[in-house]
Amino acid sequence: MTSILEITSVENLQSRINRSVKSFNNDYIIYVSLNKTQKSVERILKNEGISVSKIFFIDCVTNEKTRDDVMHIPPTDLEKLRFAIGSFIKEISGKKFLVIDALSTLLIYNDENKVAAFVKEVTEFASKKDVKVIAFSPKTKGEELLNKIFNFFDDVKQ
Amino acid sequence: MKKAESFFISLLLLLPLLSPLSVFAQGNFNVEISLPNSYKSVSAGEEIWFTVKTVNLGSENRVDITLNYQIIGLNNEVISSKSQTLAIETQASFVGRISLPENASPGKYALKVTLNPIGASSVAQSQVTFDVVAKKTDAQTIKYIYILLAAVLGIILLAYIFIKLSPIFKKIAIRSEVRRIVKKKI
């Protein structure tokens, strides 16, 4: 399975995410939300006519638990986040995708090298489990990080 | 003159007879010392309480006596002493006390009392033995130190186990939650 890093402007970020999610919509998606709450993301996707019934959300923005089918993990705890992603990948049988929006947001809370290590671990694990990874990052943020993580992805789109 | 002489002679004749009586009177003292059970085993630095019973069989008159108390070690060394002067008639019982030095080594000791009528030589003695043991407070303190050490070690061990196991518990919790979410949705 492939892993893709999409680098785009802030304005186009959400639309690119929507497009990707729409294309996977018959399969299960593990959606790691780093710059919007799960509630906001769900509303945006629904507005685009995208079904969220097969989307498993990991909300890293808020710890307010409004639904019991949403996992809340602080963006400071990369180990916990990595383990949660891995657990979802193991538990969900069949074809699935991993979507990480605004990867560079992790730089606000973590050291660059730690984020790079996190990305490496996640992409490697996903690859072993035949899970396609789509990670998004705004163009203006975290250039140093992007330079470090380019090589972890099979494809980089700008 | 003859009367005076005969009196004097009588006195001289009687004197040898009187002497043994006075000696008998002086020697007719008895003294007994006893220790309560709680003082048969004491620690260094403690006070020993005892009872003394004196009997004066030689006279019904009040007699002044001195009681000398001594604590004697195995090597016959006197490690503590005390004196007391009092007047007794026929008998007297009273409670006394004497301090054991702080540096007294554990072992067997004797508490001796010597009764001396004032103005006469020693006539009565009594003694009782007791044991000096290691200070209870020392043994207790050591016991408390061990308990405290064990408690501290226990806390450190628990903290170590908690720190080591904490990530495992977190992972178990995450996996459990993920399973629940997936089961609900699928």
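Select helix α2 of chain A, residues 38-47, in this predicted model. Its buried residues are Gln38(A), Val41(A), Glu42(A), Ile44(A) and Leu45(A). View the helix down its axis: these buried residues of α2(A) fall within an arc of 165°, so they line one face of the helix. Now turn to the other side of α2(A), where Lys39(A), Arg43(A), Lys46(A) and Asn47(A) are exposed.

Next, display the elements that the buried residues of α2(A) pack against: α1 (10-23), β2 (28-33) and β3 (55-59), which belong to chain A.

Proceed to helix α3 of chain A, residues 78-91. This helix has 14 residues, and the distance from its first C-alpha to its last is 20 Å, close to the 20 Å expected at 1.5 Å a residue. Colour the buried residues of α3(A), which are Leu78(A), Leu81(A), Phe83(A), Ala84(A), Ile85(A), Gly86(A), Ser87(A), Phe88(A) and Ile89(A).

Then move to chain B and select its open sheet of three strands, ordered β1-β3-β6 with antiparallel pairing. At the edges stand β1 (29-34) and β6 (91-99) of chain B; each has a single partner strand, so one side of each is left without a neighbour in the sheet. From one strand to the next, the twist averages 25°.

Finally, select β3 of chain B, residues 47-56, together with β6(B): the two strands pair in the antiparallel sense over nine bridges. To locate one bridge, select Lys53(B), whose bridge partner in β6(B) is Ser93(B).

Definitions and conventions. Residues are numbered from 1 along each chain as its sequence is written. Chains are lettered from A and ligands numbered from 1 in the order in which they are written. This is a predicted model: local features need pLDDT of at least 70, side-chain atom pairs count only at pLDDT 80 or more; totals for chains, interfaces and linings use all residues. Side-chain values use heavy atoms; hydrogens and water are left out. Two strands pair if DSSP finds at least two bridges between them. Helices (H or I, at least four residues) and strands (E, at least two) are DSSP runs, numbered from the N terminus. Axes are lines fitted to C-alpha atoms, for helices over the stretch in contact, and angles run from 0 to 180 degrees between N-to-C directions. The expected span of a helix is 1.5 Å times one less than its number of residues. Buried means under 20% relative accessible area, exposed over 50%, partly exposed in between (1.4 Å probe, protein chains only). The arc is that of the directions from the helix axis to the C-beta atoms. Contact means heavy atoms within 4.5 Å.
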